[in-house]
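Trainee: I am new to this structure. Please take me through it, one question at a time.

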There are 2 protein chains.
Amino acid sequence: MEETEATAIGTADNAPRRPLMLITNDDGIFAKGIRELVKALRPYGEIVVVAPDKPQSGRGHAVTLDAPLWYMVSKFDDADRAYKCTGTPSDCVKIALYRIMERKPDLIISGINHGSNSSVNILYSGTMGAAMEGAIHGIPSIGFSLLSFNSDADFAAAALYAARITAKTIENLGSLPFTCLNVNIPCLPESEIKGVKVVRQGKGEWIEDFVRHFHPSNKRPYYWLTGGFHDLEPESTDTDTWMLDNGYITVQPVTVDCTDYAALKSMGEGWFD
Amino acid sequence: MEETEATAIGTADNAPRRPLMLITNDDGIFAKGIRELVKALRPYGEIVVVAPDKPQSGRGHAVTLDAPLWYMVSKFDDADRAYKCTGTPSDCVKIALYRIMERKPDLIISGINHGSNSSVNILYSGTMGAAMEGAIHGIPSIGFSLLSFNSDADFAAAALYAARITAKTIENLGSLPFTCLNVNIPCLPESEIKGVKVVRQGKGEWIEDFVRHFHPSNKRPYYWLTGGFHDLEPESTDTDTWMLDNGYITVQPVTVDCTDYAALKSMGEGWFD
């Protein structure tokens, strides 16, 4: 056992490289969620943070084509290096991979998001846009989200589980069954979390309620996008939505292939001939 | 036959409702692609346009949470009504469904986009963000894209096929095997288009080349996101990428469920216990 441990720790000559992690988010580099994430992941490898310089919630997989991107060094406790960038979460991953980092990271971690990315929220999520950008490049990527929009939420249990799930992923690098995970964590004390479930995405939609206000000077109406989430399959017990409602952390393996294979099969080649 | 036709055309009392189509895009309401699309779809139903007031390329499925949305009537030949909106393509669909339209549209059509949305481009695409927003709400939705970034591209063949594919979809409303289609059209004269193929999404990634410029006054560097598409499975002959390269129009049925079911199965429930 001692020999194995010595090999694992390594020597000057055959030192195994510590995993290199790129960390980003969509709430911006100053959010509590990313600070707590980096603190929790500190023991597991080398950490480079490249995160938006301001909140980018709801940006999905957006990239910036019509404006230049700027980045600069930012102070960040617990990180080896950190940069704030003017772009979207997906831009941050791209500029990290192609401009900032000397080598490809072993892992990309996004979050911890302030708010749920379960069900259809994954599509609007900048947190998951960044993780999916990693997956496109074949890099194991994880997005973590806590089910609380409170900017000062208690991340204790979320950070603990984020570290566990990351550690397990690092253990299995090279033989992973996934490239991307969408992990959602109920806002509960650790003692009340029932466990971790690998799940599918539940069907849902937002019923929007565009709140109308009027400009103080020209009196023109404008609208704020607000709404309520509507679970389209509340009876299903195998969805992320149900598991979260029932105290479980959910892990959704995510693909960047949007093809509906059932429809592909039933349409066949001749559908539009 | 005459009787059937009379019924189809309808009378004052039992007039079948003409299909109501919501049209949007991501190049903005003044782009040639959406103008040509509306002109081509004019014979097939009632048309309401709600489109961005400026280009929104690369916005993916982004929604606007941190700014108010404005919309106003816009002049648009061939449309029954048209509005330009300050938001993203996805915002346009939401505000159309929840604020502008009196009833749910039968169909949402997005495009015709100036540029390809094949392979992984679907994730960055505002055109497809809008179509997927429709699919989330259970409305049959189609995004059309022409493989040319030329703002004055020849849309003749693209508009013709967009009309055909829309007509076929309208014929089958109520029994569709899909809710969302991603249709890509090579930039070729009609005579050179080999046919229409229902396909899966090819694997690909963008190799980014962040071009560095310097601010004229403060000399700080900034970066433009540019790059080249890299086909990750050039040998596969069943992908959208291959079919487009070989002169076919591609139809990708699209799902808004991002779950990787193969990974879900192989991970099982206990992976993170």
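Trainee: What is the strand order of the open sheet in chain A?
Mentor: This is a predicted model: local features need pLDDT of at least 70, side-chain atom pairs count only at pLDDT 80 or more, and totals for chains, interfaces and linings use all residues. Residues are numbered from 1 along each chain as its sequence is written, with chains lettered from A and ligands numbered from 1 in the order in which they are written. Strands (E, at least two residues) and helices (H or I, at least four) are DSSP runs numbered from the N terminus, and two strands pair if DSSP finds at least two bridges between them. The open sheet has nine strands with mixed pairing, in the order E3-E4-E2-E1-E5-E6-E7-E13-E8.

Trainee: Which are the edge strands of that sheet?
Mentor: An edge strand pairs on one side only. In chain A these are E3 (71–73) and E8 (195–198).

Trainee: Which residue stands opposite Val49(A) in E4(A)?
Mentor: Strands E2 (residues 46–52) and E4 (residues 81–85) of chain A run parallel, joined by five bridges. Opposite Val49(A) stands Ala82(A).

Trainee: What angle does helix H5 of chain A make with E6(A)?
Mentor: Helix H5 (residues 126–136) packs on the sheet, touching E1, E5, E6 and E7 of chain A. Contact means C-beta atoms, placed from the backbone, within 7 Å. Angles run from 0 to 180 degrees between N-to-C directions, with axes fitted to C-alpha atoms, for helices over the stretch in contact. With E6(A), the angle is about 165°.

Trainee: How many residues of H5(B) are buried?
Mentor: A residue is buried if 20 or more other C-beta atoms lie within 10 Å of its own, exposed if 12 or fewer, and partly exposed in between. Gly126(B), Met132(B) and Ile136(B) are among the buried ones. Of the eleven residues in H5(B), the buried number is eleven.

Trainee: Are H3(B) and H5(B) roughly parallel or roughly antiparallel?
Mentor: Their axes come within 7 Å and cross at roughly 30°. Angles under 35 degrees count as roughly parallel, over 145 as roughly antiparallel, 65 to 115 as roughly perpendicular and the rest as oblique. So H3(B) and H5(B) are roughly parallel.

Trainee: Which helix gives the most to the side of chain B that touches chain A?
Mentor: 65 residues of chain B are in contact with 64 residues of chain A. One helix of chain B, residues 89–100, gives five residues. That helix is H3.

Note on methods. Contact = placed C-beta atoms within 7 Å.
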